[in-house]
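Please find below a note on the model under discussion.

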Amino acid sequence: MIRSLFRARRLAAAAALGSALCLAACDAAPETPAAAETAASIIAVTEPWSRETAEGQNAGGAFMTIANTGTAADRLTGGSTPVAGRVEIHTVSMDGGVMRMRQLEDGLDIPSGGEVTLKPGSFHVMLMDLKQPLKAGDTVPLMLTFAGAGTLETQLIVKPAGAMAPEMKHGEEGKPHG
Ligand SMILES: [Cu+2]
């Protein structure tokens, strides 16, 4: 057993030497193509924002548009932020005339070459167990997790309590969104 451990060490040393030689001589070694598709290069998040919360309110929504320029579909599965205990992905559906939020256990699909808008009354990121109220004007870091592309940090701008989605600012509340 000791002998095989020694042998393993010798092999590891030889491998290390081999890769050191390779660093010097084979700098043109091909990279794995998949490794190049990180969240920062294929996922674009625009207009990330959140809404001011009242004292004692224990959860808040976060909204944004997520575009996927990658060659494969991806999925937003969750995230993390210093201001909340946990982050969930939610959808909203009508249940007997009442709007209800529901967690998307498998995450939210972001199609290849497409984009998905998270907005009030629709898909959103939910900041659960808020550790502090969100105040208008604050900027809150939010780390998003994608099943394929990994993690991406974004900064939520906290807007006043009555704020709607950016495209709903000019009296377009009644219009359907495309
Ligand atoms: Cu929610």
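1. Basis. The model is predicted; local features need pLDDT of at least 70, side-chain atom pairs count only at pLDDT 80 or more, and totals for chains, interfaces and linings use all residues. Residues are numbered from 1 along each chain as its sequence is written.

2. Secondary structure. The protein contains 3 helices and 10 strands, where helices (H or I, at least four residues) and strands (E, at least two) are DSSP runs numbered from the N terminus. Along the sequence the pattern reads α-α-α-β-β-β-β-β-β-β-β-β-β.

3. Of the 178 residues in the protein, 23% are buried. A residue counts as buried if 20 or more other C-beta atoms lie within 10 Å of its own, as exposed if 12 or fewer do, and as partly exposed in between, with C-beta atoms placed from the backbone. Two residues are in contact if their C-beta atoms, likewise placed from the backbone, lie within 7 Å. Among contacts with a separation of 6 or more, 69% join residues 24 or more positions apart.

4. Leaving out residues up to four places away in sequence, Phe146 touches Ala39, Ile43, Asp74, Arg75, Leu76, Thr77 and Leu152.

5. Alanine 73. This residue sits in the loop between E2 and strand E3 (74-80). Alanine 73 is classed as partly exposed because it has 14 C-beta neighbours inside 10 Å. Beyond its neighbours within four places in sequence, alanine 73 is in contact with Asp109, Ile110, Pro111 and Ser112. The C-alpha atoms of alanine 73 and serine 112 are 4.4 Å apart, although 39 residues separate the two in sequence.

6. Positive phi. Which backbone angle deserves a look at glutamate 47? Its phi is positive, about 45 degrees, although the residue is not a glycine. Glutamate 47 belongs to strand E1 and is partly exposed because 15 other C-beta atoms lie within 10 Å. Aspartate 129, also not a glycine, has a positive phi of about 50 degrees. Aspartate 129 is in strand E8 and counts as exposed because it has 11 C-beta neighbours inside 10 Å.
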